[in-house]
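Open the model in your viewer and keep the selection tool ready. Each stop below gives you something to select and tells you what is there.

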Amino acid sequence: MKKLLSPARGVIAAALIAGLAIPAQAQLRDALNTGEQATRRAEQVQEQINQLDDQRTDMVREYRTLLQRRDAAELYSKQQELVVKSQREEIVSLTEQLGSIDDITAQTVPMLLSMVEELQNFVAADLPFKQTEREARLEGLVGIMQQPNVTAAEQYRLIMDAYQAEMEYGRTISTWQEEIDLDGNPTTVDMFLYGRVALVYLTPNGKASRYNRATGAWESLPGKYAPDIAKAIRVAQGKAQQDVLFAPVQKFSVE
């Protein structure tokens with residue numbers, strides 16, 4: 001048979017249950033608050049850990065960069081030491097060379113003077129063509145050799161230019177007008193140079209003459225040479241096509 005609680009007992013039981021439930025809910029709220037605080041604290045700690053890790057990564061990266069810079073600086077320093085060593089050796093070499101410049105100059109100047117003198121002798125013994133131009137060149141060389149502010153290298157260059165100009169005369173043909181004395185009368189003639197084979201001229205009236213190396217004087221040529229000389233002059237002037245040129249060559253005797 002089922003027992004039934006009286007109204008008074010029911011009220012007491014409900015009160016007992018309610019009294020027990022209130023403390024349990026408070027404890028649950030406290031536990032939840034504590035858990036939430038612990039979670040927030042854990043999040044803060046984790047954030048600090050992440051920040052410290054980032055700082056550590058940056059420091060490691062900066063440290064490696066500093067190591068690379070140190071290695072590069074050491075390598076550059078070693079390279080500069082080699083450069084300085086090489087420069088010191090070069091300074092020693094240049095100092096030794098400077099000490100011998102006076103000796104070299106003392107040997108070079110006489111050689112250059114001898115070259116100028118030999119060129120003067122050559123021109124004096126050569127065919128007498130373009131004398132004004134050639135003598136002016138030689139006088140210029142003599143003047144250059146007397147100027148102390150002109151280096152030996154520059155003097156040598158100018159002397160070689162003069163030698164080159166004289167060599168060109170022997171490899172080319174050329175013509176020019178020149179005034180000479182014929183029987184006491186100044187006459188403008190057409191000069192023609194066959195390299196260094198022959199030097200001739202043609203007068204306005206068509207008479208030809210040749211310079212005789214042996215006698216050192218001009219001599220008249222037979223009339224048969226005049227047409228060939230006139231043709232050679234036109235070729236040199238660019239008024240006629242290139243062709244075989246016949247020169248009144250003088251016989252040479254070899255001793």
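**Stop 1: the main core.** This is a predicted model. Select F192, Y194, A198, V200, L202, A208, L221, A226, I229, A230, A232 and I233. These twelve residues make up the largest nonpolar core. Colour by element next. β2, β3 and α4 each supply at least two residues of this core. Helix α4 gives the largest share, with five residues.

Now pick A226 on its own. Ignore its neighbours within four places in sequence, and A226 is in contact with L202, G206 and A208.

Stop 2: Show the strands as a cartoon. In what order do the five strands of the open sheet lie? The order is β1-β2-β3-β4-β5, and the pairing is antiparallel. Select 173-182 for β1 and 217-220 for β5 to see the edge strands. Each of these two pairs on one side only. From one strand to the next, the twist averages 35°.

Bring back α4, residues 226-237. This helix packs on the sheet and touches β1, β2, β3 and β4 (208-212). Its direction makes about 75° with that of β2.

**Stop 3: strand by strand.** Begin with β1 and β2. How many bridges pair them? Ten bridges do, in the antiparallel sense. Select E179, then look across to T188 in β2, which stands opposite. Move on to the hairpin of β1 and β2, where two residues lie between the strands. Click D183 there: its phi is positive, near 55°.

Next, take β2 (residues 185-194) and β3 (residues 198-202). They run antiparallel and are joined by five bridges. Select L193 and you will find L199 of β3 opposite.

**Stop 4: aromatic pairs.** Start with F129 and Y169, which are edge-to-face. Their centres are 5.0 Å apart, with 85° between the planes. Which parts of the chain does this pair link? F129 sits in the loop between α1 (7-125) and α2 (131-145), while Y169 belongs to helix α3 (residues 152-171). The two are 40 residues apart.

Go to Y211 and W218, an edge-to-face pair with 5.6 Å centre to centre and 75° between the planes. Ring pairs link Y201, Y211 and W218 into a cluster.

**Stop 5: charges over rings.** The charged end of R134 sits over the ring of F129, 3.9 Å from the ring centre. Finish with K130 and W176. Here the charged end of K130 sits over the W176 ring, at 5.1 Å from its centre.

Conventions: Residues are numbered from 1 along each chain as its sequence is written. This is a predicted model: local features need pLDDT of at least 70, side-chain atom pairs count only at pLDDT 80 or more; totals for chains, interfaces and linings use all residues. Side-chain values use heavy atoms; hydrogens and water are left out. Two strands pair if DSSP finds at least two bridges between them. Helices (H or I, at least four residues) and strands (E, at least two) are DSSP runs, numbered from the N terminus. Axes are lines fitted to C-alpha atoms, for helices over the stretch in contact, and angles run from 0 to 180 degrees between N-to-C directions. Contact means heavy atoms within 4.5 Å. A nonpolar core is a set of buried Ala, Val, Leu, Ile, Met, Phe, Trp, Tyr and Cys residues joined through side-chain atoms within 4.5 Å. Buried means under 20% relative accessible area, exposed over 50%, partly exposed in between (1.4 Å probe, protein chains only). Rings of Phe, Tyr and Trp (its six-membered ring) pair if their centres lie within 6.5 Å; planes under 30 degrees apart count as stacked, over 60 as edge-to-face and the rest as tilted. A charge sits over a ring if NZ of Lys or CZ of Arg is within 6 Å of the ring centre and within 35 degrees of the ring normal.
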